[in-house]
Amino acid sequence: MAEDTRGGLRADARRNRDRIVASARALFAEHGAKVPMEEIARCAGVGVGTLYRRFPDRESLLHAVSADAMRRMLATARAAAEEEPDGWHALVRYLRAYGELHNGALHASVDPEMHDRIRRGPDVTRDRRALLAVLTGIIERAHAEGALRRDVGLGDISSVFALHLHLPAGTGAEAARAAPRRLVELLIAGLRAPAAEPLPGPPMAAADLEPADPPAAAPRRGAPEGGGGPAGQTAVSSNL
């Protein structure tokens with residue numbers, strides 16, 4: 001179910017919403033997506049009823065947290081592209097900011113089907129595509145400058161992040177806080193040109209990260225492959 005935004009938001013309602021999203025982001029990142037909604041409300045300093053009026057279910061809150069994170073990272077990427085002296089420093093600034101999100105526990109604990117629905121939401125899709133465009137420009141600059149190894153693309157970098165920021169279950173709190181920063185620096189060190197050894201295959205591009213279309217539903221038993229309509233009705237009737 002989507003977040004309820006009918007009629008816009010008053011200033012106090014906007015503040016409550018922002019506190020809820022910020023609290024959910026912090027708790028989800030540390031404990032995963034199954035944190036009790038009551039705990040999120042307590043952390044945000046609002047009543048449970050206020051939380052549920054704004055976010056009718058957990059998926060709507062997860063969507064808001066994901067959309068907020070995507071907006072933050074898009075703003076970070078744009079600022080890095082505009083303010084840093086070259087593509088390499090812009091890329092490093094973005095990667096370090098991304099590592100600070102600590103989203104590993106959240107992503108690892110979200111049901112894959114729910115994650116796919118959230119990722120396909122129009123606001124998340126719009127900002128993700130804008131983010132990929134900015135990052136592609138940063139990477140092209142870093143390649144042209146000779147600072148980023150030529151056999152690495154945006155898809156490679158994103159895939160490594162997805163793998164390395166999902167820490168094993170049961171990781172201690174101190175290690176979980178330290179690991180993302182260490183892993184980001186390890187990734188940055190491996191991206192620097194020249195490369196000691198070439199990577200197998202071509203670089204992964206931004207287009208490789210786009211979600212595939214969901215598979216078509218299997219036809220019902222006895223239904224024609226061509227779909228409904230009078231011919232379909234005749235075929236079904238003949239099999240009864």
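Welcome to the tour! A search of this whole predicted structure turns up one aromatic pair, and that is our opening stop.

**Stop 1: the ring pair.** Select Y94 and Y98 and show their side chains. The ring centres lie 6.2 Å apart and the planes meet at 40 degrees, so this pair is tilted. Planes under 30 degrees apart would count as stacked, and planes over 60 as edge-to-face.

Now show the helix around them. Both residues belong to helix 5, which covers residues 87-99. Y94 and Y98 are four residues apart there, so about one helical turn separates them.

Is Y94 buried or exposed? Y94 counts as buried because its relative accessibility is 6%, under the 20% cut-off. Y98 has a relative accessibility of 25%, so Y98 counts as partly exposed.

**Stop 2: a loop residue.** Select R192. You will find R192 in the loop between helix 10 (173-191) and helix 11 (230-238). With a relative accessible area of 39%, R192 is partly exposed.

Which residues does R192 touch, leaving aside its neighbours within four places in sequence? Select W88, A147 and R149: R192 is in contact with each of them.

**Stop 3: an annotated stretch.** Finally, select residues 36-55. An unreviewed UniProt entry annotates this stretch as "DNA-binding region". Colour residues 36-55 by secondary structure: the stretch is 75% helix and 0% strand. Its end C-alpha atoms are 13 Å apart.

Terms used
Residues numbered from 1 in each chain as written. Predicted model: local features only at pLDDT ≥ 70, side-chain atom pairs only at ≥ 80, totals over all residues. Heavy atoms only, no water. Phe/Tyr/Trp six-rings, centres within 6.5 Å; stacked < 30°, edge-to-face > 60°. Helix = DSSP H or I, 4+ residues; strand = E, 2+ residues; numbered from the N terminus. Buried < 20%, exposed > 50% of the residue type's maximum accessible area, 1.4 Å probe, protein only. Contact = heavy atoms within 4.5 Å. UniProt positions renumbered as here; feature names shortened; annotations may be inferred.
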